[in-house]
Amino acid sequence: MNQIHSSPYNWGQQNVRKVMLQVQMAATPALFVHAYFFGIGIFVHIAIALSVAFAAEAAMLYLRQKPIKPYLLDWSVVLTAIDIVFCLPPTSPWWITASAVLFAVILAKHIFGGLGYNIFNPAMAGYAFVLISFPAVMTVWHLPNALVANPLDAWQTIDYIFTNTLPNGVALDALTGATPLEAARTGLLNDQTLSAIFSHELIFQSGQLANSSFWLNMSFLLGGLWLLVKGIIRWQMPVGFLLAMVILASAFHAYDPERYAGVLFHLFSGATMLAAFFIITDPVTGSTTPTGRLYFGLGAGVLVYVIRTWGGYADAVAFAVLLMNMLAPWIDSMTVPRVYGHGQTKGNHHE
């Protein structure tokens, strides 16, 4: 008698470690673009984040009596650490990075059962934790080096991150300022028009918005497209996310261009492209059905725009993602694909 086998017949060559490595490769251009505009601070924070992440991961695996080596080598904790670093100010104190990573690994990941069981995106949970807990520190962003008269060199950057000490004669106000999103939000709260904000705020002068924020988002966009081509992520979430941003930004900008920024500003400011291709596409905490992924992306895009425009935080990616994480199981339950042939015609149903 012939044995009947069920599909799939080819399991493929992907595993967690290979997927994580490919995602890191896609984010590498953004890493160097970030360093070009803001200095080596991001590399210092990556070293801090990885050290803390591996230590916390190993400790939790030991306490949970899980094999340490296989889980450490799957690189999932590396992706979490680097996603957090991309969201933090490049010259923030070392303990900010350490706190965010510890919260992400211990509370957002292992308390729920580890990789594959966590409800919330660990990186966004860690980032939201330090954003809420230390708002004064988190709003002090290093300006692009082109806007700083005397940028910190490598050793000065390291010294500032670990000791909060600046060289003699260097003031913090000369190195830091608002992000484009924060500058626009603050100006609008002070009843300024966008035209006035764009013409007077330092971050928008000399093309620095186009040079830094644009190219950083563009590098994430290119990396994300590479992930789509390789089949590492699905198209529904990025498309839904960006489509929601485009529709809302276009509509409100057409209604009042002096109050609501246009599409390009929203697409290439803040963490828009990082969120679209590297954050919301997390396969564990997002929706898993094809239609559900589209709804998840649309919902995240709507929430980011709404919180950016009327909420208390200039860049709302973390809060939008965490809110959608809570809705993901419900979205999946409402978008379960229909089994082929089921319910087509009553005549095909047999008792």
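1. Contact, as used in this note, means heavy atoms within 4.5 Å. Among contacts in the chain between residues at least 6 apart in sequence, 76% join residues at least 24 apart. The structure is a predicted model, in which local features need pLDDT of at least 70 and side-chain atom pairs count only at pLDDT 80 or more, while totals for chains, interfaces and linings use all residues. Residues are numbered from 1 along each chain as its sequence is written, and side-chain values use heavy atoms, with hydrogens and water left out.

2. The chain contains 16 helices and 2 strands; these are DSSP runs numbered from the N terminus, with helices being H or I of at least four residues and strands E of at least two. Of its 351 residues, 47% count as buried (buried is under 20% relative accessible area, exposed over 50%, partly exposed in between; 1.4 Å probe, protein chains only).

3. The largest nonpolar core has 80 residues, and Phe86, Met124, Phe241 and Phe278 have the most contacts inside it. Such a core is a set of buried Ala, Val, Leu, Ile, Met, Phe, Trp, Tyr and Cys residues joined through side-chain atoms within 4.5 Å. This core draws at least three residues from each of domain 1 (14-177) and domain 2 (178-335), the bounds coming from an automatic or database domain assignment. A second, separate core of 8 residues includes Leu194, Ala261, Phe265 and Ala314. In soluble globular proteins, nonpolar side chains tend to be buried together.

4. Phe278 belongs to helix 14 (residues 272-279) and is buried, at a relative accessible area of 6%. Beyond residues up to four places away in sequence, Phe278 touches Val23, Ala26, Ala27, Asp83, Phe220, Gly223, Gly224, Leu227 and Met273. Its C-alpha atom is separated by 9.6 Å from that of Leu221, 57 residues apart along the chain. Met124, with neighbours within four places likewise left aside, is in contact with Cys87, Ile279, Val317, Ala318, Val321 and Leu322.

5. How many cavities of 30 Å³ or more does the structure hold? There are 2. A cavity is a set of points, on a 1 Å grid over the protein atoms alone, where a 1.4 Å probe fits but cannot get out; lining residues have an atom within 4 Å of a point. Grid points are joined across faces, edges and corners, and a volume is the space filled by probe spheres set on the points.

6. The largest cavity, of about 50 Å³, is lined by Phe38, Gly39, Gly41, Thr91, His142, Asn145, Leu152 and Thr157. Its lining divides into 2 nonpolar, 6 polar and no charged residues (Ala, Val, Leu, Ile, Met, Phe, Trp, Tyr, Cys and Pro count as nonpolar, Asp, Glu, Lys and Arg as charged, and the others, Gly among them, as polar).

7. The second largest cavity holds about 40 Å³ of space, and its lining includes Val23, Ala27, Asp83, Phe220 and Phe278. Helix 1 (16-38), helix 4 (76-87) and helix 14 each give two or more residues to this lining, helix 4 giving the most, with 4. The lining has 8 nonpolar, 1 polar and 1 charged residue, and at least three residues come from each of domain 1 and domain 2.

8. Backbone geometry may be checked at Gln65, where phi is near 60 degrees, a positive value in a residue other than glycine. Gln65 lies in the loop between helix 2 (41-63) and helix 3 (68-72) and is exposed, at 74% relative accessibility.

Methods:
1 Å grid on protein atoms, 1.4 Å probe; cavity = no way out; pocket = protein on both sides within 12 Å on 5 of 7 lines; lining within 4 Å.
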